[in-house]
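Visitor: I have this one open on my screen and would like to go through it piece by piece. Can we start with the strands?

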Amino acid sequence: MAHVNLTDLVKRFDDITAVDGISLDIPDESFTVLVGPSGCGKTTTLRLIAGLERATSGEIRIGDQVVNDRRAYERDIAMVFQNYALYPHKTVEENMRFGLEQHDTPEDVIEERVTDAAELLQIEELLDRRPAELSGGQQQRVALGRAIVRDPAVFLMDEPLSNLDAKLRVQMRAELNKLHETLSTTTVYVTHDQVEAMTLADQIAVMDGGEIQQVGAPTRVYSNPRNMFVAGFLGSPSMNFLEGTLEESEPGMLELDLGTHTHDVPDEFTDVLADRVGERVVLGIRPENISLSQDGVASNLHPATVQVVEPQGEKTVLELDFDGTQTIKAAVDPDTTVSMDDDVNLRFDRDSLHYFDPKTGASLTYETDEQRRVTA
Amino acid sequence: MSTKRSTLDSVVDALGLDTEDEWPYIVRERLLAYALLAVYVVVIWFPIYYILITSLKPTTEVLQIPVTFVPSHPTISNYIEIFQNRPFGTFTLNSLVVAVTTTVICVTLGTVTGYSFSRYDFFGNKALLLSIVGARMIPPIALIVPFFSIMSNPPLIGGLTGSLYDTRIALILTYTFFNLPFAVWIMKNYFDGVPESLDEQARIDGCSRWEGFVKIILPMAKPGIAATAILAFIFSWNEFVFALVLTSSPQAQTLPIAVSLFVADDFVDWAHLAAGGMIAALPGILFGLFFQRYIVSGLTQGAVKE
């Protein structure tokens, strides 16, 4: 086991900067997920840790060792590739043994490790088969088995579930969780699937444009995003953004003028937003934090018109015309009976509001929210 | 009627049709297809059959009119005589040495070069590949005179070796020139179809680049290597024009030339020519029969994205 530490890591391919000076601490025994859209630099970061790419600058530490100049096999890591990268001409057992044989591991140790890993992953009966004779799920297990037998300091996984069908993916996700609990090996996992990231990680690093946008526990990052990118990337449907002008409604009270609507700013944010009166500000609210109100006269209700109703089983997603120019989404109770063109009143959960600077995208209320949660 | 019906039934059974309603149309369609294929097979195989029976006929029967399509007195004396009366052993050895050496060189260089082009992104990569493969686009006939001139008086190593004219080396170098671009192209395509993550997994498993290539990638490239080897071998074994121009004596002449020597100004020794022709054709036929699946998979690798 080992912690992994990245400091000011940069990777350039000719004119393209794939990784732009990231620093990240991956604690020992943690399950850290690098998540972000295609081209955000997450896979390149993983490959830099693996030793499959050379860093342009910066430092990579595994344990206490700087490993920048070490070859892949000298880094004590094992990697699971998106396409599994099983050697097609070797049997499952030969695939699992190969890495150990290359490291001159004694035969009895190889036997023991392969048997143990096969048992753990329930692939004992597949040992004599070749990869082409296995299903996608079985290939995935073998790839994991090959990584496990190495007993490495760090597991590196590059979207290992993305080639599986939806049902198998959910099943393997649970198994990966169990496996990590059993082995407690430091794991760095790359995915673009936010659900995978949220369910597997105990630390999540959201990446975009070669930079880490936010690091933290998944629920914390989800509930208090640092910027509009993180806020919009995590969550499905993604967070609603409504842009308006901040105004002082009465001394010490702020409201956001959204055109046809005004929205009262919660008291805890008035201090931090006070110096932005007269400026444009973006209000962010997640669809699940919007409810339909039966009370037509209460304050802070926003009238809207239903445009699309999407029943999704556990929830119903409504697409609503907010003010003729902006649409927002609300995830409501599946029993809610609304249909297209219905006029409804929306209530925003005042504990789940976020305010962003429209120019930089940075959250204006991140620090206040953090303090509030610490106090709570 | 009943006989006709039962014959059709057996055809229907043989073709694996199970419903009575569909057989008349399908039988007609399939019979037509099989008939066309049968004609094609006859056209393709008849020359080989004809040279085979000619090689097994005594000289008197070869010129007999009407022509016999089954030898009345089959004999292998023609085969024995060409080895006794002419240096056919030497010709065969020359062919083997030239073809095998060319094949080994092309496969070895083609494999490592193809792998390099597939995996390494170096300056001028594409231009270099284009120039190598493009060299093969020149019609070989246009290069006969330059090759004759170069082999007669090699500009670089002439001082050391003297003329390469009428040597096996001249043929090996020439055939390598023509086959290596093919080998590089086939192998590059083949390696393009092998996911790079396998190389990387090998590196993580403890292999150097070279070890990963030898232990993991090369065993997977067997069909590509087989295709390259077969094509290089058959080309070198069959080649006639350059062998005719670059050699003049049995010390370097190959089987195609040896066979042509049975044609004199006023007489063609058909029986011995046929026997020599059969020996010359045998490797090609055998390779075609047993290894054609490798040729197909080797040439089509990378043609479709899986």
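Visitor: Which residue in β18(A) is the bridge partner of L318(A)?

Guide: A330(A) is the bridge partner of L318(A). Bear in mind that this is a predicted model.

Visitor: Noted. How many bridges join β17(A) to β18(A), and do they run parallel or antiparallel?

Guide: Six bridges join them, and the strands run antiparallel. The strand β18(A) covers residues 327-332.

Visitor: What about the turn of that hairpin: how many residues are between β17(A) and β18(A)?

Guide: Five residues lie between the two strands. One of the turn residues, G324(A), has a positive phi of about 90 degrees.

Visitor: And on the β16(A) side, in what sense does β16(A) pair with β17(A)?

Guide: Antiparallel, over six bridges, with β16(A) at residues 301-311 and β17(A) at residues 316-321. Within that pairing, V306(A) has L320(A) of β17(A) as its bridge partner.

Visitor: Which residue takes a positive phi in the hairpin of β16(A) and β17(A)?

Guide: G313(A), with phi near 90 degrees. That hairpin has four residues between its strands.

Visitor: Moving out a bit. What does the domain assignment give for chain A?

Guide: Domain 1 spans 4-227 and domain 2 spans 240-375.

Visitor: How many residues does each domain of chain A put into the contact?

Guide: Domain 1 gives four residues and domain 2 gives nine. On the domain 1 side, the residues divide into one nonpolar, two polar and one charged. The centres of the two domains, taken over C-alpha atoms, are 39 Å apart.

Visitor: Now the chains. How many residues do chain A and chain B bring to their contact?

Guide: Chain A brings 17 residues and chain B brings 13. On the chain A side, β6 (77-80) and α2 (92-102) are the elements that give two or more residues.

Visitor: What is the makeup of the chain A side by class?

Guide: It has twelve nonpolar residues, five polar residues and no charged residues.

Visitor: Last topic, helices in chain B. At what angle do α5(B) and α9(B) pack?

Guide: About 35 degrees, with the axes 6 Å apart. Helix α5(B) covers residues 88-119, and α9(B) covers residues 168-192.

Visitor: Is the crossing left-handed or right-handed?

Guide: α5(B) passes α9(B) in a right-handed crossing. Their contact has 17 nonpolar, ten polar and four charged residues.

Definitions and conventions. Residues are numbered from 1 along each chain as its sequence is written. Chains are lettered from A and ligands numbered from 1 in the order in which they are written. This is a predicted model: local features need pLDDT of at least 70, side-chain atom pairs count only at pLDDT 80 or more; totals for chains, interfaces and linings use all residues. Axes are lines fitted to C-alpha atoms, for helices over the stretch in contact, and angles run from 0 to 180 degrees between N-to-C directions. A crossing is left-handed if the near helix is turned anticlockwise from the far one by less than a right angle, and right-handed if clockwise. Ala, Val, Leu, Ile, Met, Phe, Trp, Tyr, Cys and Pro count as nonpolar, Asp, Glu, Lys and Arg as charged, and the others, Gly among them, as polar. Two strands pair if DSSP finds at least two bridges between them. Domain bounds come from an automatic or database domain assignment. Two residues are in contact if their C-beta atoms, placed from the backbone, lie within 7 Å.
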